[in-house]
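The exercises below are to be worked with the sequence and the model at hand. Each task is followed by a solution in steps.

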Amino acid sequence: FELLATCVAETDGTVDKFLGDGMMAFWGAPLPQPDHALRAVRAALLIRDRLQVIDGFPPLRLRIGIHTGPALVGNIGSRDRLNYTLVGDTVNVTQRLEQLGKEIAPADTIVIVASGETAAHADGLCEVLPLGARRLRGRDESVDVFRLR
């Protein structure tokens, strides 16, 4: 998690929370970042590159989902327990994209899956492979999905 959090920090992102063996991070808040999608892609590529050079450990299997869109960000919870976090459909789509990595490349060590809204900002940074429109659980509309390599 230290490696992942460092890559998020280097791109001026915010680590929201650690969820079991996962991590949630976001860009664009609390201060606006017009290039937040680009920063998220850069963080994912940093994570990929740095995980590939760790010696002495078996390779980690990692899936990264990235989506760009509106979200509610702030102190959310109750009087007794508040968390600075974000919620909304954008968060749900991101999580579904991360899980789609299992289907897209089940044997690959690291898989980065992005929506069309995010992939548009990745051109020139990495190979962007279109995977077509996909129906994601909990959504009526399909999402254009891309693999970032």
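This is a predicted model: local features need pLDDT of at least 70, side-chain atom pairs count only at pLDDT 80 or more; totals for chains, interfaces and linings use all residues.

**Exercise 1.** Give the strand order of the four-stranded open sheet and name its edge strands.

Solution. Step 1: two strands pair if DSSP finds at least two bridges between them. Step 2: the order is S3-S6-S8-S7, and the pairing is mixed. Step 3: strand S3 (62-66) and strand S7 (128-135) each pair on one side only, which makes these two the edge strands. Step 4: from one strand to the next, the twist averages 25°; axes are lines fitted to C-alpha atoms, for helices over the stretch in contact, and angles run from 0 to 180 degrees between N-to-C directions.

**Exercise 2.** Describe how S7 is joined to S8, and locate alanine 133 in that region.

Solution. Step 1: S7 and strand S8 (residues 142-148) run antiparallel and are joined by seven bridges. Step 2: leucine 129 stands opposite arginine 147 of S8. Step 3: alanine 133 lies in S7 and touches Ser142, Val143 and Asp144, not counting residues up to four places away in sequence. Step 4: alanine 133 and valine 145 are twelve residues apart in sequence, with a C-alpha to C-alpha distance of 5.9 Å.

**Exercise 3.** Which strands do H2 and H3 lie across?

Solution. Step 1: helix H2 (residues 36-51) lies across S3, strand S6 (110-115) and S8, at about 170° to S3. Step 2: helix H3 (residues 89-104) lies across S3, S6, S7 and S8, at about 140° to S3. Step 3: the 16 residues of H2 reach 23 Å from first C-alpha to last, close to the 22 Å expected at 1.5 Å a residue; the expected span is 1.5 Å times one less than the number of residues. Step 4: the buried residues of H2 include Ala37, Val41, Leu45 and Leu51, and also Arg39 and Arg48. Step 5: their cover includes helix H1 (2-10), S3, S6, helix H4 (116-119) and S8.

**Exercise 4.** Why do the buried residues of H1 count as being on the same side of that helix?

Solution. Step 1: Leu4, Cys7 and Val8 are buried in H1. Step 2: these residues are on the same side because they cover an arc of only 100° around the axis, the arc being that of the directions from the helix axis to the C-beta atoms. Step 3: what covers the buried residues of H1 includes S1, S2 and H2.

**Exercise 5.** Characterise the two aromatic pairs of the structure.

Solution. Step 1: rings of Phe, Tyr and Trp (its six-membered ring) pair if their centres lie within 6.5 Å; planes under 30 degrees apart count as stacked, over 60 as edge-to-face and the rest as tilted. Step 2: phenylalanine 1 and phenylalanine 18 form a tilted pair, 4.6 Å centre to centre with 55° between the planes. Step 3: phenylalanine 1 is in the segment before H1 and phenylalanine 18 in strand S1 (residues 14-19), 17 residues apart. Step 4: phenylalanine 26 and tyrosine 84 also form a tilted pair, at 6.0 Å and 45°. Step 5: phenylalanine 26, in strand S2 (residues 22-26), is 58 residues from tyrosine 84 in strand S5 (residues 82-87). Step 6: phenylalanine 26 counts as buried at 5% relative accessibility, whereas tyrosine 84 counts as partly exposed at 33%.

How values were computed
Residues are numbered from 1 along each chain as its sequence is written. Side-chain values use heavy atoms; hydrogens and water are left out. Contact means heavy atoms within 4.5 Å. Buried means under 20% relative accessible area, exposed over 50%, partly exposed in between (1.4 Å probe, protein chains only).
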